[in-house]
Amino acid sequence: MKKLLCVLCFLFLCSCSTDTGDKERITILENESNVAYSESQNVLAPRVCLENQKEEQSNEPFLVAFDVNDGLKSIVEKDSNVSIDSRNLLNDRGADIASLPPDGKSFCIGTTFSLTRLVAQNELEKMVTQGGLKVSVTELDGGVISSYIIEEFVIGNPDGSIVEP
């Protein structure tokens, strides 16, 4: 009886692994994601770069959600939380999501938030670097694939590109 109990315990311990072997199928590239501020048009343009991790799942649709929080929420237009459906990313090119870059290739997407009032650049930078903007990549059913708080603030254009000084 003791041997059976020991064997069952051993099997149970072996089957419970801390490493599930599943990695995110879409990863947010933190070092390439930022929030650009265009002073001339008084907008914030968050840009997130993503990378497909599993080629066999690259054609499954997903959502990218930009959520404005904290003090930043008070100066961004009311419809500030935006979701982008991956099925719409390539509509302009007449391709489907399977045309997104394969495993190991990155692509960037973003949106533009109009500000309701003028704010000093350093104050705006403080709001962003303190976690005012979160991006989440989710399954269509709401399951979170990856999420990240964008804290890099840059001076840029409304399309999210950086302006070199």
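## The loop at Asp 141

Asp 141 sits in the loop between strands β8 (133–138) and β9 (144–149). Helices (H or I, at least four residues) and strands (E, at least two) are DSSP runs, numbered from the N terminus. The model is predicted: local features need pLDDT of at least 70, side-chain atom pairs count only at pLDDT 80 or more, and totals for chains, interfaces and linings use all residues. Residues are numbered from 1 along each chain as its sequence is written, and side-chain values use heavy atoms, with hydrogens and water left out.

Asp 141 is exposed, at 71% relative accessibility. Exposed means over 50% relative accessible area, buried under 20%, and partly exposed in between (1.4 Å probe, protein chains only). A polar atom of the Asp 141 side chain lies 3.0 Å from the backbone nitrogen of Gly 143. Phe 62 is 79 residues away along the chain, yet its C-alpha atom is 9.0 Å from that of Asp 141.

## One aromatic pair

How many aromatic pairs does the structure hold? It holds one. Tyr 37 and Phe 153 are stacked, 6.3 Å centre to centre with 25° between the planes. Tyr 37 belongs to β2 (residues 34–38) and Phe 153 to β10 (residues 153–155), so the pair ties together parts 116 residues apart in sequence. Both residues are buried.

Rings of Phe, Tyr and Trp (its six-membered ring) pair if their centres lie within 6.5 Å; planes under 30 degrees apart count as stacked, over 60 as edge-to-face and the rest as tilted.

## After helix α3

Gly 131 follows α3. Its phi is positive, near 95°.

Note on methods. A polar contact is a pair of N or O atoms within 3.5 Å; within protein, one must be able to donate a hydrogen and the other to accept it, and residues adjacent in sequence count only if both atoms are side-chain atoms.
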